[in-house]
Amino acid sequence: MKRYIIWIMALITLATSCVVEDGYEREPIAIGEAIASSGISDIANYTRTFISIAAIDEYLATEDEELREQLRTNYIGTNCTIEQEGNNIIVYTYNYYGNSYTLHDITTDGKALRDGGVWQSEDFRLFTTDNAITMVVTDTNKDGIGDSASLNFEDIEFNIEQGYTFNVGGRFVSNYGKGYTLNSEIYKKLSFVDKGFVSGIVDLRYTDEGNGYDDFVTAEYLDHTKIGISYLQYYKLITNYNIR
Amino acid sequence: MRHLYKYIMVAIFAIVADIVVAQEVVSDELIRDRVTSYISTSSNDVNNLTTVNYIGHKAEESVRWTNDIRIGYGAPGVLSLLFLDESFIFTYDDMHIPETLPGRVDRLHTNRGPMRRFMTLSANYHRQIKPWFALGCKSSLAGIWQSTFDSISGEKRYSDNVYNIAALVDARFSWLRRDMVEMYSSVGLGLMAHIERMNGALWPMFDIAAIGISVGRSFYGFLEIGAGCTGSARIGFGFRFNDKK
């Protein structure tokens with residue numbers, strides 16, 4: 001009898017071990033965070049690119065060697081050279097091992113951006129409209145996958161001490177292919193001051209045709225200077241999560 | 001795996017229980033001597049005394065039970081887990097692949113419910129050919145059940161039900177045979193069907209019991225340590241019987 005009791009107890013103990021893992025709980029807010037961080041990162045990356053382009057424009061317009069050096073090292077690329085051959089501007093950067101690669105390869109119409117010029121590179125086209133410089137991002141290899149944007153950089157001011165100050169408006173679309181699209185629309189113009197955004201609101205809409213997802217998030221840029229660091233992507237979600 | 005300690009504790013518990021019971025059996029010297037036929041007894045009519053005659057050699061052993069059916073439950077082994085749920089070994093996070101936004105959002109849109117693992121139920125039949133050798137078949141069933149829910153609405157979207165069903169030819173070698181205790185090893189070869197929600201596969205499969213002990217006569221319990229499709233440590237019970245004459 002003792003033997004049977006022992007065996008039955010052992011079997012019962014084994015049976016209780018059947019559930020071996022808890023589930024993975026995820027909050028809807030995590031979806032909003034993923035969408036917001038991705039969309040805001042897209043805009044921030046092209047804003048960085050624009051600062052570099054604006055600095056090249058400044059660099060070519062001035063003959064002040066001290067200002068050129070500061071623009072080159074602080075706003076274009078730490079280790080870079082700028083070569084201008086006719087209407088072509090080529091910016092090379094160098095890595096630690098001395099290898100170089102092309103940072104920008106721009107064809108201009110012979111004019112500076114500030115003078116209403118039209119600049120074209122493989123990834124984007126820049127032209128002047130009224131008080132803004134518009135950057136149109138293109139699908140480089142025409143495969144329908146990639147970024148497309150029309151971002152307006154307005155009220156651009158440059159101060160060697162404080163850097164660039166401007167506002168950003170427009171929209172940005174990231175197309176991941178297969179029906180995945182992230183549409184970022186700047187609802188309230190982003191203000192860029194001193195290497196980071198200080199305000200602005202972006203509506204972000206993510207659609208996944210295959211799974212039928214249509215997620216909508218609103219994110220607000222916060223003043224990065226108040227947190228004491230230069231951080232381009234400091235934001236919070238206003239609307240945590242909405243399904244249209 | 002977080003419940004592995006339970007299986008280890010149960011295995012230790014069962015081994016200790018077996019040893020205790022086995023000690024009771026083998027310490028009964030009279031039973032041991034009788035079943036191993038090292039001695040024979042005869043009556044002395046004159047003195048009405050029983051004398052013991054040592055016959056000096058082992059008598060030929062006969063097959064006691066010709067049929068053996070058993071049902072067992074095995075603790076997960078590395079092999080059975082690997083074949084049942086590959087993600088047990090390498091998860092997406094382990095691979096450190098940067099996720100794209102579509103992948104992240106798709107993953108975040110779902111919650112996975114608790115995973116239930118049932119492994120491994122086995123049913124065996126053996127026919128005793130020689131006292132030390134039995135040939136038979138072994139089958140096993142293991143499963144994982146996990147449902148995926150929409151993280152917004154909480155509705156169930158789909159379930160991942162994965163089953164492994166194996167069938168093997170099994171040879172068992174009994175290297176210690178006593179009245180109530182038998183120790184053995186076995187090796188089996190066969191096929192395992194892996195059935196998933198979306199697809200399935202058929203693999204060659206093996207199962208080894210390195211050390212097995214059974215305690216009992218017609219009805220008995222057993223414990224095995226081994227590797228293969230029936231898990232790492234197996235316990236269960238069985239029934240031995242002879243053919244109808």
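Please keep in mind that the model is predicted. Chain A contains 3 helices and 13 strands, and 45% of its 244 residues count as buried. Among the contacts in chain A with a separation of 6 or more, 39% join residues 24 or more positions apart.

**Confidence in chain A**

- The average pLDDT of chain A is 82, and 84% of the residues score at least 70.
- Strand β5 (residues 118-120) of chain A has the highest confidence, at 94, while strand β13 (residues 235-243) of chain A has the lowest, at a mean of 52.
- Over residues 240-244 of chain A, pLDDT stays under 50, and the model has 18 contacts beyond four places in sequence for this stretch.
- Where pLDDT is low, the predicted coordinates should not be read in detail.

- Most of α2(A) is covered, with 25 of its 34 residues buried.
- Helix α2 (residues 28-61) of chain A meets helix α4 (residues 101-108) of chain B: their axes come within 9 Å and cross at roughly 170 degrees. Angles over 145 degrees count as roughly antiparallel, so α2(A) is roughly antiparallel to α4(B).
- On the α2(A) side, the contact is made by A:Ala30, A:Ile31, A:Ala34, A:Ile35, A:Ser37 and A:Ser38; α4(B) contributes B:Leu101, B:Arg104, B:Val105 and B:Leu108.
- By type, the residues of this contact between α2(A) and α4(B) are 7 nonpolar, 2 polar and 1 charged.

**A:Thr93**

- A:Thr93 sits in strand β3 (residues 88-94) of chain A.
- With a relative accessible area of 8%, A:Thr93 falls under the 20% cut-off and is therefore buried.
- Beyond its neighbours within four places in sequence, A:Thr93 is in contact with A:Asn79, A:Cys80, A:Asn99, A:Ser100, A:Tyr101 and A:Leu103.

**B:Gly212**

- B:Gly212 belongs to strand β9 (residues 200-216) of chain B.
- B:Gly212 is buried, and its relative accessible area is 0%.
- Not counting residues up to four places away in sequence, B:Gly212 touches B:Glu182, B:Met183, B:Tyr184, B:Leu223 and B:Glu224.
- B:Arg172 is 40 residues from B:Gly212 in sequence, and their C-alpha atoms are 9.8 Å apart in space.

How values were computed
Residues numbered from 1 in each chain as written. Chains lettered and ligands numbered in written order. Predicted model: local features only at pLDDT ≥ 70, side-chain atom pairs only at ≥ 80, totals over all residues. Heavy atoms only, no water. Axes fitted to C-alpha atoms, helices over the stretch in contact; angles between N-to-C directions. Helix = DSSP H or I, 4+ residues; strand = E, 2+ residues; numbered from the N terminus. Parallel < 35°, antiparallel > 145°, perpendicular 65-115°, else oblique. Contact = heavy atoms within 4.5 Å. Nonpolar A, V, L, I, M, F, W, Y, C, P; charged D, E, K, R; others polar. pLDDT = per-residue confidence, 0-100. Buried < 20%, exposed > 50% of the residue type's maximum accessible area, 1.4 Å probe, protein only.
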